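Please look through the structure shown here with attention to its ligand surroundings and its contact surfaces. The report that follows takes these topics in turn.

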Amino acid sequence: MTPPNTSFTASSASARAPASAPASPNIRAVHDDFHGDLLEVSMGPHHPSTHGVFRMNVTLDGEVVVKLQPVFGYLHRNHEKIAEQNSYLAAIPYTDRLDYLSSLTNNWAYVRAVEQLVGIAVPERAEYLRIILGELARIINHACLVGFLLNDLGTSFTPLLYSLRERERMLDLVEELTGSRMMCNFFRFGGLRADVPADWLQRLDAYLGDGFARYLDEQDALLTGNEILLARTQNIGVLPPALAVSAGISGPMLRASGVPYDIRKVDNYSLYGRFPFQVPIGDHGDCYDRYMMRMLEMPQSVQIIQQAIEELPSGDFITPKQKNAGLRPKVGETYSRIEGPKGEIGFHLVSDGTGKPYRYRVRPPSLINLTALEDMCIGQTLADTVVILGSVDIVLGEVDR
Amino acid sequence: MLGTGILKGLFITAKNLVGSYYDKERLTTLQYPEEAANIPENYRNFPFLVFDGEDAVSTLRCVACKMCEKECPPQCIYIVSEKDEKGKIMRRPKVFDIDISVCMGCGICAEVCPSSAIKMDHIFEVTAKDRFSDLLLHRDQLAKSVDYYKQIHPTDFAVEEKARAEKKRVAEEKAQAAAAATAAKAAAAAKTATAATPKTDVAKAATATAAV
Ligand code: SF4
Ligand code: SF4
């Protein structure tokens, strides 16, 4: 796969003309004789392109966005306070419902935080299995995102259906292992809920090497060089690196802006240090680069999974005799983060020594990545805001919590 | 050349269109009510209670320890233990309700249960006429026989039975060893007794030591 404009290094010469700086919000006087009034459009919360119940109050000058106000909270479920009412174990199934496209990495982030708080060691085999499942979640998420992004561009369904078709195959495997397609609830303090059978791993390996590889090639041929896609995404919604860093953007969106920051490499958590994978870095920070980040991360994740399956040691899938129910950590607090498919997903836990967390706080990548939405949309047309929002990759379950 | 990307894409969609009629792998649609999908063993939906014998109430495995009630994330389990006439708590639930309109199917109850009494079911076609009362399942509605459990979770059942047999064997061996030890002790005591007070009845002394 050779993407035209994205490279693995942070600074390669740009093939594209630099994007014009985003126009300031006050493009024209409001009651300009010739141009008439500004128009305020409320997009959402039921708009199909807003990926859930999200609303954008967009102020338009003709077709150009001059102001954008995101409105969210429609899916608020009091996640954090519910977790503070429950035992530590009982919060795991709730984390499934944060970013419900990648529940496995949510589980992982939470479980790691508790392990750090209590000081639980994880067996080597469990770490390998966690990496396999985490990367599988990343692939599922990115396959979905690519489909939905193309749907937002108006391809009405073809690439999305191809993506969902492959995702179904992976979800079949996930269901077989965890009992649920999306609400996996599979990670436990000290390891996993159950061992992963060898034939399951073999089937996953076979699928990734054959069916999924075919899908990647197909999607690449179908989309990456497509002139309409290029015209609709290149230089659209540019996010400058300085702004991305100061806004706390993370994940593929940050890397698309050319900032080489991947928590798997920076923190080297779990056993990622043993995996020589590459992290794609973008050049322009536009929608096209964000799309390419996902396309390029998928083969890397496949490679990690293949290596992990090959090197998988035997041993325990969970620390023997590890208590999960009725856990009472000592007084203290911790923050732990991992590289989720959407960015840095972290959990801040404060324990007061009882069986319930005193404070439970989620750092949701979707919400924080959304904060730069207005900066990316100003000066673009209304049709582009839909694409820009699609390229941010949000899941409202996580934004609203 | 402008447009080659689009042509390439159209070729792929055409290939997929044709494939969707002939490719075996692609013909995955099931005619749902007539054809049932294959449900994997680990599939979980709502919990049910397992009973071992003929009578659902008296052979229920549940000992009303309330572990599941405590750990259930949305707190949708409600248990009241049975009491005998004197008010002493018996190891049996009098009330065991699960509100399946609240249950999130997480399977934590099945995981924490120390007596393998609550398990995850495979049914997914649940209908009710009333939103509240019909979805609050009681003990008798939740109880299902161990044969049903064996049928839907053959692997788990086999593992559990093996563990149970092992436990029983260990317990029996322990009991035997304990009995042997008592016997040996009794014999030793009897010997000492005989040595100290030769006139005493040996058997009587041995029984007395064993009783202690
Ligand atoms: S499956 Fe989960 S939510 Fe349902 S009763 Fe069991 S513990 Fe509660
Ligand atoms: S954990 Fe098991 S034995 Fe205890 S109350 Fe629940 S179902 Fe009954």
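## Ligand shells

The shell around ligand 1 divides into eleven nonpolar residues, two polar residues and no charged residues, where Ala, Val, Leu, Ile, Met, Phe, Trp, Tyr, Cys and Pro count as nonpolar, Asp, Glu, Lys and Arg as charged, and the others, Gly among them, as polar. This ligand is surrounded by 13 residues, the closest being Cys72(B), Cys103(B), Cys106(B), Gly107(B) and Cys109(B); a residue belongs to such surroundings if one of its heavy atoms lies within 4 Å of the molecule.

Ligand 2 is likewise surrounded by 13 residues, and the closest of them are Cys62(B), Cys65(B), Lys66(B), Cys68(B) and Cys113(B). By class, the shell around ligand 2 holds eleven nonpolar residues, one polar and one charged.

## Basis of the values

This is a predicted model, in which local features need pLDDT of at least 70 and side-chain atom pairs count only at pLDDT 80 or more, whereas totals for chains, interfaces and linings use all residues. Residues are numbered from 1 along each chain as its sequence is written, chains are lettered from A and ligands numbered from 1 in the order in which they are written, and side-chain values use heavy atoms, with hydrogens and water left out.

## Interface of chain B and chain A

The contact (heavy atoms within 4.5 Å) takes 31 residues from chain A and 28 residues from chain B. About 2,300 Å² is buried between the two chains, with 52% of that area given by carbon and sulfur atoms; buried area is the accessible area (1.4 Å probe) that two parts lose on being put together, summed over both. Of the area that chain B buries against chain A, 22% is supplied by Arg44(B), Glu71(B) and Met104(B), more than by any other three residues.

One salt bridge is found across this interface, the term denoting a side-chain nitrogen of Lys or Arg within 4 Å of a carboxyl oxygen of Asp or Glu. It pairs Arg188(A) with Glu111(B), whose closest N and O atoms are 2.6 Å apart. On the side of chain B that touches chain A, α1 (4-22), α2 (67-71) and α3 (108-112) of chain B each supply at least two residues, and α1(B) gives the most, with eight residues. Helices here are DSSP runs (H or I, at least four residues), as are strands (E, at least two), numbered from the N terminus.

## Domains of chain B

Chain B is divided into domain 1 (47-149) and domain 2 (153-193), with bounds that come from an automatic or database domain assignment. The C-alpha centres of these domains lie 32 Å apart, and seven residues of domain 1 are in contact with six residues of domain 2. Between them the domains bury about 580 Å², 41% of it on carbon and sulfur atoms.

One salt bridge is found across the domain interface. Glu160(B) forms a salt bridge with Lys119(B), the closest N and O atoms being 2.8 Å apart.
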